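Okay, shall we get going? Have a look at this one while I talk.

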Amino acid sequence: MNTNNPKRKVILPLHIDTTSFTGGQTQSSLWRKLNKRQLPIFALLTILFFSLFLNIIQHNNQKPSNHPEIFSSHDPLPPVPLTENHHAIIVAGHAIYTGPDDMEQLTNDKYWILEPYQQGGQVNTFIQHIQKGIDILKEDEKSALIFSGGETRPDAGPRSEALSYWSIAQQLLQHDNSMSAQLKSSLSDRMITEEYAKDSHENLLFSICRFSEMTGNYPSQISVVGFEFKRKRFEDIHRYSIGYPVDQFHYIGIDPAEKDPSRAEGEMNNSVRPFEKDLYGCHGTLKQKKMHRNPFRRRHPYGASCPILAPLLNYCPSNNAPYRGPLPWAS
Ligand SMILES: *[C@@H]1O[C@H](CO)[C@@H](O)[C@H](O)[C@H]1NC(C)=O
């Protein structure tokens with residue numbers, strides 16, 4: 001390298017070969033030149049290489065496995081409770097219930113914090129999503145049910161979508177006469193909340209980490225319960241963007257009974273197309289939406305609890321390239 005370029009040889013000390021130092025003449029003239037003209041450059045290069053070296057060392061130290069201080073050693077966790085479970089059932093939240101623990105009131109719009117387009121009929125469907133999640137949970141005793149959704153509405157106060165769905169699930173369980181108290185309690189033990197998601201991409205990704213926090217495993221099966229009109233978004237965009245295998249992913253769609261053609265169009269305009277162009281929801285309108293849905297300035301802890309997912313959680317490509325880093329599931 002650079003053997004036919006003696007000037008270059010002098011400027012870059014790393015490229016000085018040992019023969020340069022064997023002849024006294026060459027050596028002394030070389031060092032004289034270096035001293036007179038190149039010393040500042042030599043000094044700068046030395047500093048540059050040294051700082052690069054330090055950077056590399058520091059970067060290596062920042063790998064989560066070498067960084068125990070991101071977990072507080074004064075904040076120990078109890079043992080993982082649900083180690084037998086491998087199937088994650090995810091019910092994505094859409095709004096927040098603020099009403100009493102009263103079955104009669106669950107479908108009353110006035111106790112829900114709703115977007116204008118959700119008023120007049122969607123609430124019944126939210127309850128059906130929760131019930132469907134419970135039904136699947138009952139069918140598969142190796143499953144855990146995750147209600148996912150953050151503190152997304154200022155008018156609900158710091159109540160999360162997830163917790164409000166969970167409390168409705170408790171109501172539905174309590175009033176289900178087909179189950180023994182023992183079965184109800186065992187189902188309830190397998191219900192989890194994920195309280196940070198601000199959009200559907202986060203519903204999926206954050207719930208997977210939450211599942212891992214509670215089971216010690218990443219799910220080998222995922223069932224997502226949501227609106228039928230959001231199927232394409234979950235199956236083709238969100239599942240794809242995290243490289244989760246198609247054959248281990250199931251979407252269960254339930255739509256409101258009344259047909260509304262503007263729904264599919266709105267889904268296409270406001271979600272499918274934006275997410276297709278911005279798979280990780282981290283630019284433009286999707287990013288704005290997430291900020292708007294975070295009035296309480298909450299931030300998820302999942303980079304620390306699922307360090308293998310940290311690069312994916314932080315991934316925001318400018319060219320919309322899908323994530324290709326390591327993942328705890330085969331893709
Ligand atoms: C969807 O976008 C098209 C084209 O911009 C527009 O004509 C239509 O009204 C939009 N529909 C909805 C429901 O947003």
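Predicted model: local features only at pLDDT ≥ 70, side-chain atom pairs only at ≥ 80, totals over all residues.

Numbering runs from 1 along each chain as its sequence is written, and side-chain values use heavy atoms, with hydrogens and water left out.

So, the ligand. Around it you'll find S262, E265, G266 and N269, where being near means having a heavy atom within 4 Å of it. By class that shell has three polar residues, one charged and no nonpolar ones; Asp, Glu, Lys and Arg count as charged, Ala, Val, Leu, Ile, Met, Phe, Trp, Tyr, Cys and Pro as nonpolar, and the others, Gly among them, as polar. N269 puts a polar side-chain atom 2.2 Å from a ligand oxygen, and E265 has one 2.8 Å from a ligand nitrogen. On its own the ligand exposes 360 Å², and the protein buries 36% of that, going by Shrake-Rupley areas with a 1.4 Å probe.

Next, helix α2, residues 24–61, which is where F49 sits. Helices here are DSSP runs of H or I, at least four residues, numbered from the N terminus. F49 is partly exposed at 37% relative accessible area, with buried meaning under 20%, exposed over 50% and partly exposed in between, for a 1.4 Å probe and protein chains only.

Last one: R297, in the loop between α9 (284–292) and α10 (302–305). R297 isn't a glycine, yet its phi is positive, about 50 degrees. R297 is also exposed, at 74% relative accessibility.

How values were computed: Polar contact = N/O pair within 3.5 Å; in protein donor to acceptor, adjacent residues only side chain to side chain. Helix = DSSP H or I, 4+ residues; strand = E, 2+ residues; numbered from the N terminus.
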